[in-house]
Amino acid sequence: MKRIKGLHLFAVLLAVLAQPFRSSTCPTTISEDLRQDCHPEPGATETSCISRGCRWCETSAPNVPFCFYDSVEDPTCPSNVPVQKRIDCHPQLGASKEACEAKGCIWCSTKVSNAPWCSFPEVGPYGYSLYGQPQKTAKGWRLMLMKRNTMISLFGNDISPVAMDVEFQTKDRLRFKIYDPNSQRFEVPLEIESPSTAAADTSYDIEFTNHPSFQFKIIRKSTGTVVWDTSLGDLIFSKQYLQITTTVPSTSVYGFGEHEHPSFKHNMNFVNYGMFSRDQPPTTFANLYGVHPFYMCIESDSNTHGILLLNSNAQDITLSPNPSLTFRTIGGILDFYVFLGPTPENVVQQYTEAIGRPHFPSYWSLGFQLSRYGYGSLDVVKKTVDRMRQYGIPYDVQYGDIDYMERNLDFTYDKENYAGLPEYIQQLKKDGMHYVIILDPFLSKDEAPGTYRPYELGQEMGIWVNNSDGVTPAVGKVWPPGDSVFPDYTNPRTADWWIQMCVEFKTVLDYDGLWIDMNEPANFGTGQYPGCALNDLNYPPYIPRITDYSLAQKTLCPDSKTYLGDHYNTHSLFGWSQTPPTFIAVQKATGKRAFVLSRSTFVGSGKYAGHWLGDNYSRWKDMHMSIIGMLEFNLFGIPYIGADICGFLLDTTYELCLRWMQLGSFYPFSRNHNGEGQMEQDPAVFGAEFAEISRSTLLIRYTLLPYLYTLFFDSHVHGNTVVRGLMHEFTSDHQTHGIDTAFLWGPAFMIAPVLQEGARSVDVYFPEASWFDYYTGDEVPASWHRKYVSVDAPLDKIPLFLRGGYILPTQAPATTTTRSRLNPFGLIIALDERGEASGSLFWDDGDSIDSIEKEVYFLAKYTFSEGQMRTKIVKNGYRGVDSLIYNTVQVLGVTSRPNAIVLNGNVIRGKDLQYQENGKLTLQISVPLTEELNIILQ
């Protein structure tokens with residue numbers, strides 16, 4: 001087997017993914033992605049390979065065998081369905097030839113890894129037929145479908161008829177909903193506007209066929225690309241099993257969550273992902289804390305679409321090499337929304353328009369944050385804060401994890417180990433800092449009567465998740481002493497109780513934000529006491545491919561009762577339903593913009609909360625995984641996202657933590673956090689060198705916070721991503737489709753971190769554009785475009801690049817945003833090949849509620865062309881800008897030294913400008929922010 005080692009692995013891999021190598025003399029038609037190793041042990045040669053009856057074909061692609069089986073399937077297979085088109089007919093465990101054929105399916109072994117041996121025949125007994133003709137409705141179409149064969153079923157209790165409603169909701173958004181017209185089934189209570197009449201002009205068509213079974217296609221009008229096509233597999237709709245398959249127009253598929261995906265661009269070789277919220281550290285292929293059944297696909301012509309399945313039941317998705325996707329869920333309805341883009345940014349904008357725009361974070365929450373589980377005492381917290389200050393490391397937020405509580409009880413604090421905490425919080429605030437506390441969603445039921453008001457009030461209000469009888473509270477075991485009960489946040493009474501408790505606790509600890517954890521919901525047992533009854537809710541006929549194939553492990557029994565119905569349907573909505581009342585509680589308690597950080601999320605959670613990627617590990621691969629997760633959550637409409645810098649579990653190392661501090665300085669949510677029993681890992685604990693490198697990188701972040709804040713303004717108002725992959729901006733460059741080791745802030749700022757131990761360089765891919773080194777202003781040579789180039793990355797540096805064509809607002813940094821917000825502003829103008837650039841600056845007081853809606857803000861737009869920069873003040877509604885000034889302007893890519901520079905009609909003196917031979921021009925100025933800058937290079 002040929003191996004590729006070293007720093008060029010990602011570069012080679014991604015280039016190969018984009019343009020697969022094919023030997024011109026290779027005597028096979030088997031594509032590289034389907035080759036099964038015929039000589040897995042070392043020492044393969046062409047002679048030994050052929051002697052085994054296998055095929056030898058050399059390739060430069062990594063991890064593709066030279067020696068492989070000459071066939072991808074059993075030559076005696078009775079099926080005429082090619083292996084890459086197979087749809088699993090026995091998705092549960094225990095498939096056999098007998099069980100398969102009893103389902104009317106085809107048993108056919110194959111050497112293709114993960115491909116199903118039991119698959120649906122090309123023409124089989126499953127699916128539905130159209131009953132009558134499609135009926136035109138005010139919103140689109142309604143169709144009635146009848147099951148074709150009532151004698152055969154995958155899992156029993158098939159439903160017939162089923163209805164399909166098609167809604168032409170907007171020009172670029174289509175909804176189709178398949179449901180039982182005779183019985184109400186659970187539907188996710190997320191309000192997505194459904195216009196009363198169909199959009200008059202759409203970018204899509206839908207086509208129905210009915211031979212031999214009902215199928216439909218969704219087509220992009222402008223190109224004819226089929227973005228959805230069910231002809232590969234038949235619809236299945238039963239009481240506890242729903243399945244639908246679609247082809248996808250390319251293998252550039254992104255999204256689905258929450259998982260630790262090995263790559264941003266999905267592997268389509270029969271890969272399965274389960275979705276069901278669960279308390280477990282990130283593990284490859286495992287279902288994690290949240291559920292996001294949304295994906296985006298870049299079509300072969302670079303147009304892009306996105307599709308959401310709005311369903312909260314346990315489910316899984318199979319990505320197959322046809323390419324195709326098979327959705328399986330065990331409840332609810334099939335409620336799909338299609339977003340036509342056509343750019344990746346358009347897709348996310350349309351998606352967040354439907355599910356809710358991301359919340360607008362407070363400015364202070366964009367500063368660096370520090371936390372750990374297990375400080376153990378206020379004295380240790382104080383020592384940590386003091387050494388951070390000693391080294392002048394920028395730092396805005398200190399956290400309290402559950403060890404600040406008295407015996408892990410919500411709405412308490414430990415008056416022994418954390419004596420003086422209320423007063424210390426006040427001192428932090430005087431120093432311009434903020435304090436965030438953790439709250440868990442469960443409460444102890446076993447405190448002495450009259451001593452624990454949160455539980456007693458909740459009991460009085462009847463707010464708990466109940467057992468299957470709908471009356472007695474479900475009781476489990478989590479962090480607090482004794483046993484715990486679980487508030488049902490889908491119940492309006494629970495929201496009232498939670499808001500009241502949070503607001504009252506603000507008078508005890510003067511927190512600035514709430515961090516809600518363990519809200520999958522987590523439980524340390526398998527179901528509540530005394531266990532889960534044997535019934536179809538707790539043990540349905542099909543359990544999706546989730547960890548341990550259990551719906552109750554580490555959580556509550558599915559037959560538990562919530563306000564909205566069975567926990568079977570609402571489990572993955574627990575954290576989602578807790579988030580809005582927490583958002584309201586923080587606003588009421590603080591009178592400021594809410595800060596809410598939630599571990600469990602669902603579709604639409606970004607409207608109220610940010611997210612961190614959970615209990616990661618102090619390992620190099622986890623750094624890479626964090627970039628993938630960050631990119632995915634920006635697709636999900638949760639741009640306030642980050643991972644625990646330096647890792648939560650295991651002890652970190654000096655180099656790993658230092659490189660992670662560099663990467664984490666550019667997470668939208670930038671927090672160093674680790675677990676109980678692990679070594680301390682704040683950036684001041686490793687000594688002066690480490691502290692200085694961390695400080696210098698964080699100062700870059702703080703310098704660029706006005707740009708980041710403006711990106712969040714665009715996200716809140718227009719639904720834009722904040723962090724995005726290179727493919728997002730350079731969609732037509734197929735080499736970018738697989739890049740997930742570098743990322744962009746907005747369209748203009750590229751971060752290329754070191755992700756390998758011992759590396760002192762990074763292979764960076766530069767798409768076709770003007771690029772400038774952030775540190776020097778040097779322009780990247782044109783010969784580097786559309787190539788991977790090894791860029792120096794000594795231990796004290798993370799490679800950063802500015803994209804030509806953009807203007808980034810900056811501000812002189814400080815150790816807190818409270819101080820930096822008073823400092824002068826600057827502009828970095830990075831010119832493109834035409835000598836043009838544009839950008840904007842949003843500014844307000846940083847934490848007022850609804851400052852945008854109330855128009856109490858400042859917004860300036862900048863353009864540069866033909867040697868002149870112009871400013872247009874779009875909104876001047878915030879008087880806090882009156883005392884602020886611009887003091888620097890940098891222009892990158894200036895082709896020659898200007899003869900003169902005129903600023904608002906006055907020539908700039910020579911001592912106030914500097915021109916470097918690399919084309920970097922720096923101007924020292926003093927102009928009020930409220931004055932429109934006009935700069936002319938003559």
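## Exercises on a predicted model

In this predicted model, the side chains of Gln 215 and Asp 234 are joined by a polar contact of 2.8 Å.

**Exercise 1.** Decide whether Gln 215 is buried or exposed, and find which side chain makes a polar contact of 2.6 Å with the side chain of Gln 215.

Solution. Step one: locate the residue. Gln 215 lies in strand β10, residues 214–220. Step two: apply the cut-off. Buried means under 20% relative accessible area; Gln 215 has 9% relative accessibility, so Gln 215 counts as buried. Step three: look for the partner. The 2.6 Å polar contact runs to the side chain of Thr 230. Step four: check the surroundings. Beyond four places in sequence, the contacts of Gln 215 include Glu 207, Phe 208, Ser 231 and Gly 233.

**Exercise 2.** State how many residues the largest nonpolar core has, and which helix gives the most to this core.

Solution. Step one: the core has 234 residues. Step two: helix α11 (residues 620–635) gives the most, with nine residues. Step three: pick out the residues with the most contacts inside the core, which are Trp 228, Tyr 404, Trp 745 and Phe 749. Step four: follow one of them. Among the residues that Trp 228 touches are Phe 176, Phe 216, Ile 244, Tyr 295 and Phe 336.

Technical notes:
Residues are numbered from 1 along each chain as its sequence is written. This is a predicted model: local features need pLDDT of at least 70, side-chain atom pairs count only at pLDDT 80 or more; totals for chains, interfaces and linings use all residues. Side-chain values use heavy atoms; hydrogens and water are left out. A nonpolar core is a set of buried Ala, Val, Leu, Ile, Met, Phe, Trp, Tyr and Cys residues joined through side-chain atoms within 4.5 Å. Buried means under 20% relative accessible area, exposed over 50%, partly exposed in between (1.4 Å probe, protein chains only). Helices (H or I, at least four residues) and strands (E, at least two) are DSSP runs, numbered from the N terminus. Contact means heavy atoms within 4.5 Å. A polar contact is a pair of N or O atoms within 3.5 Å; within protein, one must be able to donate a hydrogen and the other to accept it, and residues adjacent in sequence count only if both atoms are side-chain atoms.
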